Amino acid sequence: MTAGFQLGVIGSLTLSVASSVAIVICNKALISTLGFPFATTLTSWHLMVTFFTLHVAQRMRFFEPKAIDGQTVILFGFLNGTSIGLLNLSLGFNSIGFYQMTKLAIIPFTVLLETIFLKKRFSETIKFSLLVLLLGVGIASVTDLKLNLLGSVLSGLAIATTCVGQILTNTIQRKLKVSSTQLLYQSAPYQAAILFATGPFVDQLLTNRSVFAHKYTFPVVAFIILSCLIAVSVNFSTFLVIGTTSPVTYQVLGHLKTCLVLSFGYTLLHDPFTMRNILGILVAIFGMALYSYFSVREGKKKAAGDALPVSQMPDKETEPLVATKDSSDAKKANGVAQD
C-alpha cells in the first residue's frame with residue numbers, strides 16, 4: 001500500500017465525514033425549522049444536481065467517462081435508488097429506535113453476505129471491534145423499539161438492498177476498472193429517476209402533505225440549493241470511500257458520523273443529551289479505534305506477505321498454487337461491493 005494511496009483514503013474519509021455532517025445540519029434546518037419534510041423528493045434533486053455537476057466536469061475534461069454495460073448500470077442505479085426509498089419508508093413506519101437498529105444491522109449483514117458469496121474472511125479481532133462499535137452506537141442512539149409487521153418488512157428490504165448496493169459499488173469499480181466518479185456519473189441518472197418518480201408519493205404517504213403544494217419561500221429554496229450542492233460532495237465521497245476501502249469500512253464511518261451528529265446536535269442545536277448518549281459515543285469511538293488499528297495491522301501483514309523475496313516464494317513444481325475465488329482480489333483495497 002503506497003503513501004499516495006493511503007493519503008487518498010484519508011482524504012476520501014475526511015471528505016465523507018465533513019460533507020455528511022454538513023448535510024445533516026443543513027437538512028435538519030430545512031426539515032425541522034423551515035418545515036420542508038419531503039426527504040425522498042429532496043434526495044432525487046440531490047442526485048440530479050450531482051449528475052449535472054459531473055456532466056459539466058466531464059465536458060471540462062476533469063475526468064474521462066467510461067462506458068459500462070447498460071443493464072449493469074441501470075440495475076445498479078435502480079437498486080441504490082430503491083434502497084434510499086426503503087430506508088425513508090422504514091423510518092416513516094417504525095420508531096426511531098427500530099430505525100437505528102435497522103441501520104446497525106447493515107454491518108453484520110454486509111459481513112455475512114461477503115463471507116458467504118465473496119468468500120471474504122474477517123478476523124476475530126475485526127469482528128470484535130465491530131461488535132464494540134455497534135454496542136456503543138446502540139447505547140447512544142437506540143431508545144424505544146416498537147415493532148410492527150409492515151415496518152419490519154420494510155426494514156428487512158432496506159437492509160438487503162442497501163447491503164447489496166454497497167457491495168456492488170465496490171465490486172463494479174474493481175471488476176470493471178472504473179473510478180468512483182465514472183460509476184457515479186453513469187448511475188446517478190437512474191437513481192434520480194426512480195426517486196423522482198416515486199419520491200412525491202412516498203413523501204405524501206409519510207407526511208400527508210404534497211411536495212407540489214408546498215409554499216417555496218426564499219429561505220426554503222436557498223436551503224434546498226445549499227443541500228443539493230453539499231450532496232454532490234456526499235455522493236462523490238460515498239462512492240470514493242467504498243471504492244478505496246470496503247462497504248464495512250463505509251458503514252463504520254457512517255456510525256462515526258452518527259456520533260458526530262449527536263455531538264453537534266447537543267453543542268450547536270442544544271438537543272437533549274444524557275449520560276447514556278455520552279457513554280455510547282465513547283464506546284463507539286473506542287470500537288472505531290480498534291477497527292482502525294486492526295485493519296491497518298492486517299493491511300501491513302498482507303502487504304508484507306505480498307512483498308516476500310523470490311527465495312521465499314513457493315516452488316511452482318513442489319508446491320503448486322491453488323486458485324481461489326478471491327485470489328485475484330487479494331491485493332486490492334477490499335473484497336466486495338458499498339454506497
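Is Glu-124 buried or exposed? Glu-124 is exposed, at a relative accessible area of 60%. Exposed means over 50%, buried under 20%, and partly exposed in between (1.4 Å probe, protein chains only).

## Basis of the model

This is a predicted model, where local features need pLDDT of at least 70, side-chain atom pairs count only at pLDDT 80 or more, and totals for chains, interfaces and linings use all residues. Residues are numbered from 1 along each chain as its sequence is written, and side-chain values use heavy atoms, leaving out hydrogens and water.

## The salt bridge

The whole structure holds 1 salt bridge (a side-chain nitrogen of Lys or Arg within 4 Å of a carboxyl oxygen of Asp or Glu). Glu-124 and Lys-127 form it, at 3.9 Å from N to O. Lys-127 is partly exposed, at 40% relative accessibility.

Both residues belong to helix 5 (residues 124-141) and sit 3 residues apart, about one turn of the helix. Helices are DSSP runs (H or I, at least four residues), numbered from the N terminus.

## Helix 7 against helix 8

Helix 7 (residues 180-207) packs on helix 8 (residues 218-244) at an angle of about 125 degrees, and their axes lie 10 Å apart. Axes are lines fitted to C-alpha atoms over the stretch in contact, and angles run from 0 to 180 degrees between N-to-C directions.

Contact means heavy atoms within 4.5 Å. From helix 7, Ser-180, Thr-181, Leu-183, Leu-184, Ser-187 and Gln-191 meet Asn-235, Phe-236, Phe-239 and Leu-240 of helix 8.

How values were computed: Helices (H or I, at least four residues) and strands (E, at least two) are DSSP runs, numbered from the N terminus.
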